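Reader: Please take one part of this model and look at it closely, with the cut-offs stated. Then set it against the rest of the chain.

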Amino acid sequence: MLTSSVVLSIIVTMIILGAGIMGLCIFRTSKILTLFEIEADRSSWQIMYRLMIFFLCNYSLLAYLISARLFEWIPLLTGMVFFFGALFVWFSVNVYYRTLNRFLQIQDKYRAAKENAETLLFQLQKVQQSQLQSIHRETMLALGQMVAGVAHEINNPVSFIEGNLGYVSSYTKNLLDLLDTYASVYPNPDSKVINAIASSDLEFIKSDFPSILNSMESGTTRINEIVQSLSSFSRLNETDFKKADIHEGIDSTLTILSHRLNSCGHRTKHIAVIKEYGEISKIYCNPRILNQVFFHVINNAIDALNKKAATSQIEEEETPTIRICTSYSQKNEINIQIIDNGSGITKEVCKNIFRPFFTTKPVGQGIGLGLSISHQIIVEQHGGTIKCTSTENQGAEFLITLPIDESLKFSQS
């Protein structure tokens with residue numbers, strides 16, 4: 001049966017196909033050999049390459065023996081093929097094992113290098129964040145010191161003016177009474193006196209001078225209020241955590257930012273500030289750093305309103321507005337809402353707004369730390385929460401919650 005022509009033809013065909021496959025393997029292995037630059041890595045593949053050539057020769061010889069019906073040589077050739085086949089498989093498995101082992105080692109080194117790089121990058125970002133936060137804290141402290149110094153320097157001359165306005169008013173009244181007495185005693189003065197009275201417009205001075213004094217008193221009262229707001233914002237001489245009035249901090253912050261509220265973009269419109277304060281008691285907090293939070297959030301609201309005005313997205317009848325609401329919540333907390341009708345932000349930006357160094361402002365106008373530090377102050381130092389919700393071109397709302405419980409002791413990191 002094995003000597004029949006059909007069977008022999010099938011066997012020869014299978015041998016030829018095997019030889020073709022082996023030829024393809026030889027061609028692919030020759031390509032692989034060109035990829036190695038080190039002789040030690042190439043040696044195993046060279047042995048496999050030679051074994052493949054040997055197999056190809058054996059396939060050709062076996063096909064010849066079967067075609068020539070020289071069957072007595074086939075057992076010897078088959079034994080050689082099995083032996084060298086086993087040798088080829090051993091080399092293949094060995095090369096695969098070495099390649100796989102080296103790949104796994106490289107993979108472990110890559111993973112370790114990646115983790116090390118990520119750790120170093122995280123540490124670098126942490127150091128950068130810490131340095132920038134330190135710079136920010138020093139800047140805010142310097143601002144507080146400058147504000148306190150300006151308030152002190154203004155307070156002294158204003159106190160001097162305010163203290164003497166009463167005497168000026170009294171002296172003026174006495175002088176005017178004296179003139180009236182003189183006029184009643186001497187109703188017909190000399191012509192020189194009449195000319196002097198006419199040239200000085202005495203009647204107008206008598207009616208206008210008290211109004212001037214009242215205006216000066218109102219001005220000094222307003223300056224005193226501004227000085228008190230500046231002192232309240234800086235709070236340099238106070239303990240860190242204490243019971244404080246949140247409304248006082250918000251008002252002092254608005255005073256600091258009053259110059260930015262006087263105009264919106266290229267328009268002459270002022271930014272309207274609507275204060276809807278609830279009747280809330282003092283809470284245990286650090287008022288000095290809470291003022292920084294109010295400063296950053298309100299400052300961002302002003303930026304959003306200016307951006308909307310600059311892009312002509314504010315309608316003529318629309319008034320740029322910042323609304324500040326305070327109220328109690330049902331969880332022994334107070335809520336502070338700061339709402340604007342500015343440009344707003346997307347949901348994607350809203351998710352990242354408290355991330356360090358994240359900013360949508362052009363280069364040079366912000367480094368993305370104001371809201372990040374505000375988040376740290378509210379969450380880590382006061383045990384509260386701060387959230388932002390916004391719709392593009394319709395405005396944004398910041399909701400700050402602060403606990404009232406005085407027994408909570410917060411870390412002062």
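Author: L104 is found in helix α3, residues 74-185; helices (H or I, at least four residues) and strands (E, at least two) are DSSP runs, numbered from the N terminus. The model is predicted: local features need pLDDT of at least 70 and side-chain atom pairs count only at pLDDT 80 or more, while totals for chains, interfaces and linings use all residues. Residues are numbered from 1 along each chain as its sequence is written, and side-chain values use heavy atoms, with hydrogens and water left out.

L104 counts as partly exposed because its relative accessibility is 37%; buried means under 20% relative accessible area, exposed over 50%, and partly exposed in between (1.4 Å probe, protein chains only). Together with Y96, L100 and F103, L104 makes a nonpolar surface patch of about 410 Å². Patches are made of residues with over 30% relative accessible area and no salt bridge, with like charges joined within 9 Å and nonpolar side chains (Val, Leu, Ile, Met, Phe, Trp, Tyr) within 5 Å. A salt bridge is a side-chain nitrogen of Lys or Arg within 4 Å of a carboxyl oxygen of Asp or Glu. Areas come from the Shrake-Rupley method with a 1.4 Å probe; for residues, only the protein chains shown count as cover. An α-helix has 3.6 residues a turn, so residues three or four places apart point the same way.

Helix α10 is mostly covered, with eight of its eleven residues buried. Among them are L371, I373, I377 and I378. G383 lies in the loop between α10 (370-380) and β6 (385-391). With a relative accessible area of 43%, G383 is partly exposed. Its C-alpha atom is separated by 7.0 Å from that of P403, 20 residues apart along the chain.

Among the strands, β2 (residues 272-276) and β4 (residues 321-328) pair in the parallel sense over five bridges; two strands pair if DSSP finds at least two bridges between them. I274 has R323 in β4 as its bridge partner. β4 is also joined to β5 (residues 333-340), antiparallel, by seven bridges, and I322 stands opposite D340 in β5. The β4 and β5 hairpin has four residues between its strands, and N332 in the turn has a positive phi of about 55°.

For the whole protein, the secondary structure comes to ten helices and seven strands. Buried residues make up 33% of the 413 residues. The accessible surface comes to about 25,600 Å², of which 61% belongs to carbon and sulfur atoms.
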